[in-house]
Amino acid sequence: MAQQHQSSGAVLDRRTLANDHRRLAGLLRPGLSVLDIGCGTGGITRGIAEAVQPGGAVLGLDRDAGHIARASARFAGQAGLSFACGDVLTLDAEARFDVVTAARTLQWVPRLDEALARMARAAKPGGTIVVLDYSHERLRWQPEPPASMTRFYAAFLAWRAGLGMENSLADTLAERFAAHGLADVRVTNQDEAARRGDPGFEAALEIWLHVIDACGPAMIAAGALSELERDEARRDYPGWCRASAEEQRMVLRAVEGTRPRRASA
Ligand SMILES: C[S@@+](CC[C@H](N)C(=O)[O-])C[C@H]1O[C@@H](n2cnc3c(N)ncnc32)[C@H](O)[C@@H]1O
């Protein structure tokens with residue numbers, strides 16, 4: 001499928017392993033080889049490289065050539081860190097990595113089970129697959145946002161579903177992992193909750209402005225949203241964030257599983 005939008009570099013640049021992929025941080029140790037799929041501009045990947053030193057390495061992979069160029073420029077020369085352009089749906093690695101991860105990436109991928117099968121194959125027998133992702137169906141704002149934003153969000157979910165993207169991804173991952181033969185499946189709650197007064201509250205809410213700007217054109221082209229609806233949401237949401245918003249909670253889960261050492265009979 002053609003790329004429908006570009007994730008905001010400004011948002012991705014702020015991400016770190018310690019803050020934004022905490023369950024993975026707890027699984028890493030020196031010497032491991034890691035594949036980070038959908039690495040964006042590399043903030044989390046850089047943290048992975050540090051965590052697996054000495055002796056380990058991470059490859060950050062992303063289908064967006066602009067993000068890969070930026071990641072390579074930001075972190076040139078760091079030990080154990082490299083980046084490459086590539087799509088998870090054409091990933092063709094076999095038993096190469098101790099850990100294969102994808103953070104906030106599979107939310108944008110149709111044909112999820114093909115992606116998961118390729119990720120599982122890329123892990124060594126005994127290796128770990130860790131997916132961190134959202135259930136957009138369960139996003140909660142307090143109080144209710146303006147009607148224009150509620151309309152935009154409903155159109156966003158419908159547009160995504162029409163393209164084959166899973167809006168309840170976090171809630172379906174454990175079952176999918178088991179169906180792919182992964183063992184010891186474990187789910188960790190990593191919800192992103194921001195309350196007024198918290199550091200980063202405005203930045204957390206602003207993510208939806210980036211979504212309006214990044215996905216709006218494709219949604220309009222697909223007939224999922226009118227220009228007027230996009231413009232009304234773009235106009236009303238910032239004022240609500242400044243004056244009324246109290247809390248935003250995004251449902252986020254880290255799901256991990258192990259590639260069995262032997263195929264079961
Ligand atoms: C929301 S960003 C997440 C970046 C980073 N992992 C993080 O958690 O901050 C999603 C990334 O996945 C990438 N992506 C989307 N679909 C992809 C695919 N099919 N194969 C590889 N990367 C993909 C996008 O280009 C984008 O950089």
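Predicted model: local features only at pLDDT ≥ 70, side-chain atom pairs only at ≥ 80, totals over all residues.

Trainee: Which residues of α7 are buried?
Mentor: Ser148, Met149, Phe152, Tyr153, Ala155, Phe156, Leu157, Trp159 and Arg160. Buried means under 20% relative accessible area with a 1.4 Å probe, protein chains only. Helices are DSSP runs of H or I, at least four residues, and strands are runs of E, at least two, numbered from the N terminus.

Trainee: What covers the buried residues of α7?
Mentor: The cover includes β6 (140–142), α9 (201–221) and α10 (227–243).

Trainee: What follows α7?
Mentor: Glycine 164, with a positive phi near 90°.

Trainee: New topic. At what angle do α9 and α10 pack?
Mentor: About 175°, with their axes 10 Å apart. That makes α9 roughly antiparallel to α10 (over 145 degrees). Axes are lines fitted to C-alpha atoms, for helices over the stretch in contact, and angles run from 0 to 180 degrees between N-to-C directions.

Trainee: Which residues make the contact?
Mentor: Among them are Trp208 and Ile212 of α9, and Tyr237 and Trp240 of α10. Contact means heavy atoms within 4.5 Å.

Trainee: And the sheet: what is the strand order?
Mentor: β3-β2-β1-β4-β5-β10-β7, seven strands in an open sheet with mixed pairing. Two strands pair if DSSP finds at least two bridges between them.

Key. Residues numbered from 1 in each chain as written. Heavy atoms only, no water. Buried < 20%, exposed > 50% of the residue type's maximum accessible area, 1.4 Å probe, protein only. Parallel < 35°, antiparallel > 145°, perpendicular 65-115°, else oblique.
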